[in-house]
Amino acid sequence: MTTMTKIAIISHQTLLRQSVKTLLHNPPEMTVIAEISTDQSAIRELETLQPDVTILLNDSTYIKWFQRLQQIMRIVPNTRLLILAAQHETVFPSRLLKAGAAGYLTQHHSPEELMNAIRAVTAGKQYLSPKVASQVMLDNLDKDPANHPFSSLSDRELEIAYHLANGGSTEEIAKIVYLSPSTINCYRYRLLKRLKLENTTALAYLAAKHHLIDLPCIPPGQEDSL
Amino acid sequence: MKLPTTVLIIDDHQITTAGMKMMLANNTAIQVIGEATDGESGIILAQQLTPDIILMDIKMDKKDGLSTTSAILANQPQSRIIGLTAHHTEPLLIQLIQAGARGYLTKSCSMQEITTAIENVMAGERYITPAVTQQLALSPLALRGSNNPFSILSRQERQVMHYIVVKCQKAQQIAQTLQLSSKTINTYRYRIFDKLGIRNDIELLHLAWHYGIATPPIMPTTAEE
């Protein structure tokens, strides 16, 4: 008899959670033991549940993924974490795998691809969907830094760039990352210089373009004529 | 016996669409008759199948839900379209309703709510998810009776704002362009911040993106089908 793979699904979006849960009814070797929201208390339930595979569905930015991932890894270090993203990403899948995720695919794939991913990570392998994998590889071969300006940054630099591009003040960021305000200013100066940008507003544009921060979903061509 | 309500789903997130379709299959009053994974094929399917209801994802890589909605309604004005979005913003809701959609849901809703929305829209009503209507009714903007916070800015303030959020300029540069002192520009800046209840240029930029005053950058689509 094959052993059952116990799966937990995490998302702040009910419909997405329910959809993935329904999809996983079919394979006989998989059982969804929980579909939970991203509340702190809900995530702590994982400790009791001890899922074999945790599917993290989200829609948001790299930093949020990263923080959630670390939080889950602390609570259930043995779970195999599979990221099911809503958007195509280029720079960040490999970073998330390095940070401890077992697999990464996007919701654009077929349901079979999701099953393959779950089976792969259950078997102890890492999984990157072929489409994302080829993109990651092409990006690694592409030596023009203009195409992926954030990929050379350290995790700490990326985190500070994220807070700056979201409008955080020096003092606020200093508190969040436990550094002094003057260190944050150093980081700001270095980041702008390295990314060849004039100011933080330009940084915000670049960060939005590369999915480092959340963007309002507005189609182009809606500018006000001033 | 009453015929089931026929539904076409247009969404490029195949994994979640497949799950949603399975859930809808449990409801005998609803029948999913088609799925499209991009706007273009959605327009064709809508014409071929003439479904009672179209569930439309807003954010799609190839052709977004807003322009797909307009295109379908241009061909078939009677189509009942319900927009489904992962990220709610107020301007998006307004644009979608203005484009002629009959319903608006976020992906935070439950399956039960999708059924309710379909029933309401079939009964000739419009349906906007309560999570959003509540938020709208309580937002400071609604209380001020305006849906554009920038309308309270003076002409000069709007001009300065334009240089900050569209041209990404600092006070000094703006001062040179407008032939004013940096001090004057900064007075305008702080007045803008005060009026809008924000603290810095970046928060101004985010607000401007949100209301379509500045165009947010679009990431080029990388993974092609």
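Let's start with one residue, Tyr190 of chain B. Tyr190(B) is partly exposed, because its relative accessible area is 49%, and buried would need under 20%. Keep in mind that this is a predicted model.

Tyr190(B) has an aromatic partner, Phe193(B). The pair is edge-to-face, with 5.7 Å centre to centre and 85 degrees between the planes. Both residues sit in helix H10 of chain B, residues 182-196. They are three residues apart, about one turn of the helix. Is Phe193(B) buried or exposed? Phe193(B) has 3% relative accessibility, so it counts as buried.

How many aromatic pairs are there over all chains? The count comes to two. The other pair is Tyr205(A) with Trp209(B). Again the geometry is edge-to-face: 5.2 Å centre to centre, 90 degrees between the planes. This pair crosses between chains. Tyr205(A) comes from helix H11 of chain A, residues 200-209. Trp209(B) comes from helix H11 of chain B, residues 201-210. Tyr205(A) is buried, with a relative accessible area of 16%. Trp209(B) is buried too, at 0%.

Stay with H11 of chain B for a moment. Glu203(B) lies in that helix. Its relative accessible area is 19%, so Glu203(B) is buried, given that the cut-off is under 20%. What does Glu203(B) touch, leaving aside residues up to four places away in sequence? The answer is Gly167(A) and Ile198(B).

Gly167(A) takes us to the other chain. Gly167(A) follows helix H8 of chain A. Its phi is positive, near 90 degrees. Helix H8(A) covers residues 155-165. It is mostly covered: nine of its eleven residues are buried. Among them are Leu158(A), Ile160(A), Tyr162(A) and Leu164(A). What do the buried residues of H8(A) pack against? In chain A, they pack against H4 (62-75), H5 (92-98), H9 (170-177), H10 (181-194) and H11. H11 of chain B joins that set.

Now the sheets. Chain A first. Six strands form an open sheet, in the order E2-E1-E3-E4-E5-E6, and the pairing is parallel. Which strands stand at the edges? They are E2 (30-36) and E6 (127-128) of chain A. Each has a single partner strand, so one side of each is left without a neighbour in the sheet. E6(A) pairs with E5(A), residues 103-106, over two bridges. There, Tyr104(A) stands opposite Leu128(A). Helix H6 of chain A, residues 111-122, packs on this sheet. It touches E1 (5-10), E2, E3 (53-58), E4 (80-85), E5 and E6 of chain A. Its direction makes about 160 degrees with that of E4(A).

Let's zoom in on E4(A). Leu82(A) lies in this strand. At 0% relative accessibility, Leu82(A) counts as buried. Leu82(A) and Leu57(A) are 25 residues apart in sequence, yet 8.6 Å apart in space, C-alpha to C-alpha. Setting aside residues up to four places away in sequence, Leu82(A) touches residues including Ile55(A), Tyr104(A), Leu114(A) and Val121(A).

On to chain B. Here too, six strands form an open sheet in the order E2-E1-E3-E4-E5-E6, with parallel pairing. The edge strands are E2 and E6 (127-128) of chain B, and each pairs on one side only. Helix H1(B) packs on the sheet, touching E1, E2, E3 (53-57) and E4 (80-85) of chain B. The direction of H1(B) makes about 160 degrees with that of E2(B). Helix H4 of chain B, residues 90-99, lies across E4, E5 (103-106) and E6 of chain B. H4(B) runs at about 150 degrees to E5(B).

Look at how E1(B) and E2(B) connect. E1(B) is residues 5-10, E2(B) is residues 30-36, and they pair in the parallel sense over six bridges. Between them the chain crosses through helix H1(B), residues 14-25, and this β-α-β crossover is right-handed. One bridge links Val7(B) with Val32(B).

Last, the cores. The largest nonpolar core has 76 residues. Which of them touch the most other members? Leu46(A), Ile83(A), Phe150(A), Phe150(B) and Leu204(B) do. A second, separate core has 24 residues, including Ile7(A), Ile55(A), Met115(A) and Val121(A).

Key:
Residues numbered from 1 in each chain as written. Chains lettered and ligands numbered in written order. Predicted model: local features only at pLDDT ≥ 70, side-chain atom pairs only at ≥ 80, totals over all residues. Heavy atoms only, no water. Pairing = 2+ DSSP bridges. Helix = DSSP H or I, 4+ residues; strand = E, 2+ residues; numbered from the N terminus. Right-handed = clockwise from strand over helix to strand, strands pointing away. Core = buried A, V, L, I, M, F, W, Y, C linked by side-chain atoms within 4.5 Å. Buried < 20%, exposed > 50% of the residue type's maximum accessible area, 1.4 Å probe, protein only. Contact = heavy atoms within 4.5 Å. Axes fitted to C-alpha atoms, helices over the stretch in contact; angles between N-to-C directions. Phe/Tyr/Trp six-rings, centres within 6.5 Å; stacked < 30°, edge-to-face > 60°.
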